2 protein chains.
Amino acid sequence: MVSIKAVADRAGVSIASVSRVINGTVARKETELRVRTAIKELGYQPNSAARALKIRQSEQICLSFDDLANPAYVAMTRGVGQALAETKYRLILASAFSSVEEIVKHLETMGRGFADGLIISPIYADKRIAKLISHLQIPVVLVGTMPVGLNVDNVYVDSAIGIGLGVDHLKATNRKRIGLVNGPIDTNPGRRRRLAFESAMKEMGLKYSEESVIQADAFSISGGYEAVSKFRNLDKFDGLICGNDQIAAGVLKYCYENGIAIPGDLALIGIDNIDLASILHPTLTSIDLHSEKRGEIAAQLMLERLADPARPIQKINVKPTLVIRESTAA
Amino acid sequence: MVSIKAVADRAGVSIASVSRVINGTVARKETELRVRTAIKELGYQPNSAARALKIRQSEQICLSFDDLANPAYVAMTRGVGQALAETKYRLILASAFSSVEEIVKHLETMGRGFADGLIISPIYADKRIAKLISHLQIPVVLVGTMPVGLNVDNVYVDSAIGIGLGVDHLKATNRKRIGLVNGPIDTNPGRRRRLAFESAMKEMGLKYSEESVIQADAFSISGGYEAVSKFRNLDKFDGLICGNDQIAAGVLKYCYENGIAIPGDLALIGIDNIDLASILHPTLTSIDLHSEKRGEIAAQLMLERLADPARPIQKINVKPTLVIRESTAA
DNA sequence: TCTCAAACTGTAATCGTTTACAGTGACGTC
DNA sequence: GACGTCACTGTAAACGATTACAGTTTGAGA
């Protein structure tokens, strides 16, 4: 392993000078040249562990979420990655397919200093998570619903508004018997979307009851498919909002197999507006929650926080938008 | 920051004893108890930079590929993550949406010791990449086609066999005018799949020419859609193999919009067998390249290599399989 | 030529661990 | 009671960088 000492010897200077050249502080032209030549000749690269130990920074930022199989999180990752690309920070991905237990385990190891900051988008509504986050020594940016009692930088999208847009659109296209195919209720999005749906329905004077909600046990294609398979009597509804686009895809598949015409018999709306939405038959109307943009903003907040630890806490609100496609045609 | 010194003071022992307790070597019962209590009381976590510096290991493994938007790579990431979950290694994701330039940049910084091993699945066929990899000081496992001149642990799937399965199946279901909608030709999969297609066609005595190949400029839905939109006269073919499932989805969309019946007028086969394949209408026959399994094997190879740096180089071959669905019904 | 400030450079301490080695004490044996 | 062994513990030296601080060189001005 070629260390800073080897470079110093080769260039005939002290290690301090080498370090100074690397970090771009004072150095005579000739010294700099000799050091740079030595570095090139030896193929030297500074050891990041030693550097991290000394400067007390790892120059790594950790991104943590629970479902990489969900394209919305992939998009978020892309956003974070882009914002970090031109900085000194590397992106670490942690616990991308995890259960609550795994997240807790991961959070517990975050104190080891291998990351300078944590961007987290927890879907599970578990109390331990909020507690662990609040005890972290490094800056945290939370994407999504802020748990009670926690106060960190935050970027969120008001799903109530999003669901409102959806219900509104269905009502405007003359649907009256509207239901929700919700994702798991022990998750933040699941809980929030259900509440938002209820209040949107009541607000618009539409009939709402417990039976308006079909419960899927995962935010996935098969989750959606199986939920409506079990439920069966979809003719109760003439419009459905789904927990996300994948659930909607599952519902769509079921409808196709069972002769339910979309949008003829039933209008369908998804959430997230992933690529899938535009290639389904019919193409899927979707509430876009702008995941990539939220990732980008989260990374931006993190960079600003790292640059100025004392700045006031920021909460950024991203507006959902409705993308209308064939699945809700009148 | 609470360090090992603080723990030692609290427990009334030396830092060496604390370290020994943590790393599970000799210690008297009472000493161990006092140390563990002190650790708990102070909430101590060992600093990973200091540890990495001393033991010359970062306990991080880097996974590098170029297109996280492709679910096949997400599956691979899941495989790697699972295999690493119960080990001491953390998974870092690098350059997940990258150009050749970015990969080169990343590879150049791999010498800094922030990862103990690199699992890489490069799609671009660029000579610099092979060269940089061969100069790396850490173990590398390559997933995919091995560039010439490189010799590292490798897990690959013989796409020739996969394409062969596809062509075979199309021939068996009475298709004669078979084409390929290929991905970009400057990528490894693109190049390999084209060659494999050509030889499979010739071997089976089917007509092949330059015009049998439609070139898409990305392994994506829009890549497939635009390629066939530009090409137009799809009636030349009665069977198409697509560079991956997303390209196939794009082709399918075009066919739907232009009244080409699948599988009536045209049979369609994708590659990768991602979730999407089973929810398209019609469902898509696909050549499964077992990405998740390859990721798992790659991680396994890496762990074995790290445990025994001297062991002979392994090359593991994963067999592709054909999943037949509606899009190729006779 | 001499002086002094400015510009640069080197020495050495430090970051938080791990670990070789030496030291301590308990205990069984003669 | 002396001694050897064994089990454990502490001291101190690394690992490879950064950075005060002190020391040295340089060059301008007198």
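A polar contact is a pair of N or O atoms within 3.5 Å; within protein, one atom must be able to donate a hydrogen and the other to accept it, and residues adjacent in sequence count only if both atoms are side-chain atoms. The views below come from a predicted model, in which local features need pLDDT of at least 70 and side-chain atom pairs count only at pLDDT 80 or more, while totals for chains, interfaces and linings use all residues. Residues are numbered from 1 along each chain as its sequence is written, chains are lettered from A and ligands numbered from 1 in the order in which they are written, and side-chain values use heavy atoms, with hydrogens and water left out.

**View 1. Polar contacts of the protein with DNA strand C.** A polar backbone atom of B:Asn47 is 3.0 Å from a phosphate oxygen of DNA strand C. Elements giving two or more residues to the surface near DNA strand C are α2 and α4 of chain A and α2 and α4 of chain B; helices (H or I, at least four residues) and strands (E, at least two) are DSSP runs, numbered from the N terminus.

**View 2. The protein surface near DNA strand C.** Helix α4(B) provides the largest share, five residues. The surface comprises 13 nonpolar, eight polar and six charged residues, where Ala, Val, Leu, Ile, Met, Phe, Trp, Tyr, Cys and Pro count as nonpolar, Asp, Glu, Lys and Arg as charged, and the others, Gly among them, as polar. Of the atoms of DNA strand C within 4 Å of the protein, 64% belong to sugar or phosphate and the rest to bases.

**View 3. Phosphate contacts of DNA strand D.** A phosphate oxygen of DNA strand D lies 2.7 Å from a backbone N or O atom of A:Asn47. Side chains also take part: an N or O atom of A:Tyr44 is 2.8 Å from a phosphate oxygen, and a polar side-chain atom of B:Ser17 is 2.9 Å from one. Among the 27 residues that surround DNA strand D, the closest are A:Ile4, A:Ser19, A:Asn47, B:Thr31 and B:Arg56. Helix α4(A) gives the most to this surface, with five residues.

**View 4. Packing of helices α8 and α9 in chain B.** Helix α8 (residues 159-172) and helix α9 (residues 188-203) of chain B pack at an angle of about 50°, with their axes 8 Å apart; axes are lines fitted to C-alpha atoms, for helices over the stretch in contact, and angles run from 0 to 180 degrees between N-to-C directions. The two helices are therefore oblique to each other; angles under 35 degrees count as roughly parallel, over 145 as roughly antiparallel, 65 to 115 as roughly perpendicular and the rest as oblique. In the contact (heavy atoms within 4.5 Å), B:Ser159, B:Ala160, B:Ile163, B:Gly164 and B:Val167 of α8(B) meet B:Arg192, B:Arg193, B:Ala196, B:Phe197, B:Ala200 and B:Met201 of α9(B).

Notes
A residue is near a molecule or strand if one of its heavy atoms lies within 4 Å of it.
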